[in-house]
Amino acid sequence: MNELFNVKDKVVVITGGAGILGKGIAAYLAKEGAKVVVLDRSEEAGKALVDSIKAEGNEAMFLYTDVMDKEVLEGNKVEIMKAYGRIDVLLNAAGGNMAGATIAPDKTFFDLQIDAFKKVVDLNLFGTVLPTMVFAEIMVEQKKGSIVNFCSESALRPLTRVVGYGAAKAAIANFTKYMAGELALKFGNGLRVNAIAPGFIQTDMTDALSDKQKEAMLDHIAVKRLGEVSDIAETAAFLASDKASYITGQVIKVDGGMSL
């Protein structure tokens with residue numbers, strides 16, 4: 001167990017907890033002693049993840065959610081408080097992209113599907129704002145809590161094709177800074193809000209890329225390797241821990257030097 005960035009017995013709520021990054025983070029934090037609440041739309045994936053966590057002797061629970069539905073999120077909050085009586089950490093890991101909100105190499109901005117663009121912004125931005133509205137209320141009552149949003153390298157500089165996703169994640173970077181001030185100044189300095197901006201992370205998606213595509217990615221990374229999900233999980237654990245008590249309003253880049 002990592003004694004430096006201690007999350008033992010903290011109640012950690014993860015939206016998109018059964019997703020590509022979420023599931024790895026959930027498993028890591030549970031192994032570190034956190035009580036992990038996995039919120040996801042996929043009951044099959046969420047329950048399977050929780051079963052695997054429990055099989056390792058760690059604590060977790062799954063709740064179906066819809067990060068775009070405040071009423072569902074309010075119901076989740078009731079269930080979490082009934083089970084644990086507190087919420088210490090919120091990780092807003094729900095998000096995603098879709099083809100219509102990207103610009104293919106043979107297309108231009110004028111081919112963008114605006115409905116798809118709206119859906120991507122809604123999922124990533126409002127899918128972060130709404131859970132924050134619901135779960136931060138508990139943290140305000142406790143006078144303590146850590147919120148970690150998920151940003152992206154594409155929020156910090158434009159990347160090829162992902163115009164909708166980049167715009168949504170840029171909004172999350174701004175929202176993170178706004179909420180850091182809003183919560184600390186109005187409700188107490190025990191409330192913190194930060195974001196993680198991952199670079200290229202090795203997942204099933206990157207595994208499917210061609211060698212040429214992977215080489216092109218590595219050309220932009222100073223350390224010449226893709227990140228691991230554990231790199232993101234360890235950063236999340238640090239931001240969730242009391243050792244980060246003087247860190248708020250920050251977008252932490254975990255990119256292997258991609259942003260140099």
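Tutor: Happy to! One term to start with: a crossing is called right-handed if the near helix is turned clockwise from the far one by less than a right angle, and left-handed if it is turned anticlockwise. Also keep in mind that this is a predicted model.

Student: Thanks. Which hand does the crossing of α3 and α4 have?
Tutor: The crossing of α3 and α4 is right-handed.

Student: And at what angle do the axes of those two, α3 and α4, cross?
Tutor: Roughly 30 degrees, and the axes of α3 (residues 70-84) and α4 (residues 114-142) come within 9 Å. Angles under 35 degrees count as roughly parallel, so α3 is roughly parallel to α4.

Student: Which residues in α3 meet which in α4?
Tutor: From α3 you have Lys70, Leu73, Glu74, Asn76, Lys77, Ile80 and Met81. In α4 they meet Leu130, Pro131, Met133, Val134, Phe135, Glu137 and Ile138. By class, the contact of α3 with α4 has 9 nonpolar, 1 polar and 4 charged residues.

Student: How do α4 and α6 pack, then?
Tutor: Their axes are 9 Å apart, at an angle of about 20 degrees, so α4 and α6 are roughly parallel to each other. Here too the crossing is right-handed, with α4 passing α6. On the α4 side the contact includes Phe117, Val120, Asn124 and Val140, while α6 brings residues including Tyr165, Phe175, Leu183 and Phe187. This contact divides into 16 nonpolar, 4 polar and 1 charged residues.

Student: You mentioned Tyr165. What is Tyr165 in contact with?
Tutor: Leaving aside neighbours within four places in sequence, Tyr165 is in contact with Gly96, Asn97, Val120, Asn124, Ser152 and Ser154. Val120 and Asn124 are also among the α4 residues that make the contact with α6.

Student: Let's switch to the cores. Which residues of the largest nonpolar core touch the most other members?
Tutor: Those are Val13, Val37, Ile80, Ile87, Phe135, Ile147 and Leu183, out of 33 residues in that core. At least two residues each come from β1 (11-15), β2 (35-40), β3 (60-64), α3, α4, α6 (163-187) and β6 (191-198). The largest share, 11 residues, is from α4.

Student: What does Ile87 touch?
Tutor: Not counting residues up to four places away in sequence, Ile87 touches Val11, Val13, Ile80, Met81, Phe135, Ile138, Met139 and Gln142. There is also a second, separate core of 30 residues, which includes Ile25, Val36, Val38 and Ile196.

Student: What about Leu29, buried or exposed?
Tutor: Leu29 has a relative accessible area of 1%, so it is buried. It sits in helix α1 (residues 22-31). Its contacts, leaving aside neighbours within four places in sequence, are Val7, Val12, Ile14, Ala34, Val36, Leu91, Ala233 and Ala237. Leu29 and Ala240 are 211 residues apart in sequence and 9.8 Å apart in space, C-alpha to C-alpha.

Definitions and conventions
Residues numbered from 1 in each chain as written. Predicted model: local features only at pLDDT ≥ 70, side-chain atom pairs only at ≥ 80, totals over all residues. Heavy atoms only, no water. Axes fitted to C-alpha atoms, helices over the stretch in contact; angles between N-to-C directions. Helix = DSSP H or I, 4+ residues; strand = E, 2+ residues; numbered from the N terminus. Parallel < 35°, antiparallel > 145°, perpendicular 65-115°, else oblique. Contact = heavy atoms within 4.5 Å. Nonpolar A, V, L, I, M, F, W, Y, C, P; charged D, E, K, R; others polar. Core = buried A, V, L, I, M, F, W, Y, C linked by side-chain atoms within 4.5 Å. Buried < 20%, exposed > 50% of the residue type's maximum accessible area, 1.4 Å probe, protein only.
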